[in-house]
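User: I'd like to go through the strand and helix packing in this one. Can you take me through it?

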Amino acid sequence: MAAATSSSISFSTKPSSSKSPLPISRFSLPFALNPNKSSSSSSSSRRRGIKSSSLSSISAVLNTTNNVTTTLSPTKPTKTEKFISRFAPDQPRKGADILVEALERQGVETVFAYPGGASMEIHQALTRSSSIRNVLPRHEQGGVFAAEGYARSSGKPGICMATSGPGATNLVSGLADALLDSVPLVAITGQVPRRMIGTDAFQETPIVEVTRSITKHNYLVMDVEDIPRIIEEAFFLATSGRPGPVLVDVPKDIQQQLAIPNWEQAMRLPGYMSRMPKPPEDSHLEQIVRLISESKKPVLYVGGGCLNSSDELGRFVELTGIPVASTLMGLGSYPCDDELSLHMLGMHGTVYANYAVEHSDLLLAFGVRFDDRVTGKLEAFASRAKIVHIDIDSAEIGKNKTPHVSVCGDVKLALQGMNKVLENRAEELKLDFGVWRNELNVQKQKFPLSFKTFGEAIPPQYAIQLLDELTDGKAIISTGVGQHQMWAAQFYKYKKPRQWLSSGGLGAMGFGLPAAIGASVANPDAIVVDIDGDGSFIMNVQELATIRVEQLPVKILLLNNQHLGMVMQWEDRFYKANRAHTYLGDPAQEDEIFPNMLQFASACGIPAARVTKKADLREAIQTMLDTPGPYLLDVICPHQEHVLPMIPSGGTFNDVITEGDGRTKY
């Protein structure tokens, strides 16, 4: 999924070193920009863009036979509803008001914005908007993670704002996270006035330069008349092809300048538009179907690129009977409780999912990037299999693992096409992988996900199992990063896409609580639970204030083991259990729970409780779910628990660890 390119399809009888032609770097746009030219440009140069006088014409370009539909459709107001501005057509207004109206025209209803000196004009303009709600975070990182939670759970682009300098730099982790996990995000930052740029002015940071390598694209607005076009381009770039974050930096004098906006400006993305991938050709899809028909042990390896293709993927599995292994990012794209689901593969994936890849003769890699936490030792990953790789980002094809067959395009369109071929040739193909599925079922029975109970102590896995049972697997789950994240991936059975919100590629601690805020705003009627660890939770604990003030019914299941659990697990396994600053409690009072998370909740007026015994856990979780509004449940867990199975970094399936914990010496 990413900066899209022209369709590249290659076939060979053995892996080829050839890559897709002209890959587009995900860190820049695929066309030259004149570094000496500001965003300000003459009216004649504006006319060189795509001949489009409205958003509908852009949509028309996307849906021609020469262009693929976007992986995440840009969410813009339909042109059947004429936008009604609060300004007269010829009425001058501040750049900040133009910016806010540009957001309104994109259909934005919620922003996560924290004000400061360089962005206060935008906030003043937001108070004049009747359609945009600002959810005020208590830290800019909380704001960008909340925008991510909004985007991940809804499929719409998330919008965050910050002031210049430290406000803008506080967005960096969220932007990097959105890039790695392909999340559509538009970040708007205030900047010092144009005349002060480069003078080391108060709270000046060159945020465009800082974020250049962690955004899909970014802009420094140097002409107030460019705001309508830039905002339209920013949303289009963020949501088309492989989604990602786009940053727009707006100097304060631009925000204050009076202008009459031209809403009919064309986007100027000729290179990007010309290289959008084309729909896959039927002959290429028939070739893949032929490989499936010749296979004896096929397996699907699906990732975040399939989140918008859940129905098509389900139909494909129904037609073929091929078992499905998911990446961390792909959880929910195929129901985890289905008999053909192998659940998650990779470092902490199930034994049977990794067994399936190890012994497969055909690996169907759809919307994935062969991440190191999935593959381990690359040369040994799926070494017996022919590999089919379908992805919208040409830069991912052949980057880590060279496929035998590659299709650069939208997975949704590819699945639709293959489903048609399979439906038309069902009688002829007569696919039957029953023997292979039986072989995998033996592995499921031999190596189920399991855990041990020690006395009255609460196994963290059991807490997640109970939550899954009591919510019927229908909650939206966010997490921080660490052991609790992996247990939440393993033991909660996700039925639909966008139920699972987690920082996958970047692994950013502190993600869970603000992401739950964004998910709750986007899905006000849903059960939203932040399954968090004490280490991750405290990194953005200030967002409890946002939850209270905004009256969001976010539930927090805090798995508290007083340690930085995942690092501690590696200490146990590989460093002879030598503790190197992974204890998060008070060394002077090791018998006490420190810090007291209940007091954080109390300070923000949020009901909270603590549970320490397994026998009391079911009632405690039910109380949390039944209590109106937000609630924090502090679940005290033994720190000796390990996430299993585990394939050590750089290892192979043969290195899988299935036994042991911190109670054992290694």
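**Strands, helices and a salt bridge**

Analyst: Strand E3 (residues 110-113) and E4 form a parallel pair over 2 bridges; strands pair if DSSP finds at least two bridges between them. Helices (H or I, at least four residues) and strands (E, at least two) are DSSP runs, numbered from the N terminus. This is a predicted model, where local features need pLDDT of at least 70 and side-chain atom pairs count only at pLDDT 80 or more, while totals for chains, interfaces and linings use all residues. Residues are numbered from 1 along each chain as its sequence is written, and side-chain values use heavy atoms, with hydrogens and water left out.

User: Which residue in E4 is the bridge partner of Thr-110?

Analyst: Arg-133.

User: What is the strand order of the open sheet with E4 in it?

Analyst: E4-E3-E5-E6-E8-E7, 6 strands with parallel pairing. The edge strands are E4 (133-134) and E7 (217-220), each pairing on one side only. Helix H9 (residues 227-239) packs on this sheet, touching E5 (158-162), E6 (185-191), E7 and E8 (245-251). Contact means heavy atoms within 4.5 Å. The direction of H9 makes about 160 degrees with that of E8.

User: And the sheet with E17, what order there?

Analyst: E17-E16-E18-E19-E21-E20, an open sheet of 6 strands with parallel pairing. Strand E17 (500-501) and strand E20 (608-611) are at the edges with a single partner strand each, so one side of each has no neighbour in the sheet. E20 pairs with strand E21 (residues 631-636) in the parallel sense over 4 bridges, and Arg-610 stands opposite Asp-634 in E21.

User: At what angle do H19 and H20 pack?

Analyst: About 45 degrees, for H19 (residues 460-470) and H20 (residues 483-491), with the axes 9 Å apart. Axes are lines fitted to C-alpha atoms, for helices over the stretch in contact, and angles run from 0 to 180 degrees between N-to-C directions. The two helices are therefore oblique to each other; under 35 degrees counts as roughly parallel, over 145 as roughly antiparallel, 65 to 115 as roughly perpendicular and the rest as oblique.

User: Which residues make the contact?

Analyst: Pro-460, Gln-461, Ile-464, Gln-465 and Asp-468 of H19, with His-484, Trp-487, Ala-488 and Phe-491 of H20.

User: Switching topic: how many salt bridges in the whole structure?

Analyst: The search finds 35, a salt bridge being a side-chain nitrogen of Lys or Arg within 4 Å of a carboxyl oxygen of Asp or Glu. One of them joins Arg-86 and Asp-97 at 3.7 Å, N to O. Arg-86 is in the loop between helix H2 (55-62) and strand E2 (93-94), and Asp-97 is in helix H3 (residues 95-105), 11 residues apart.
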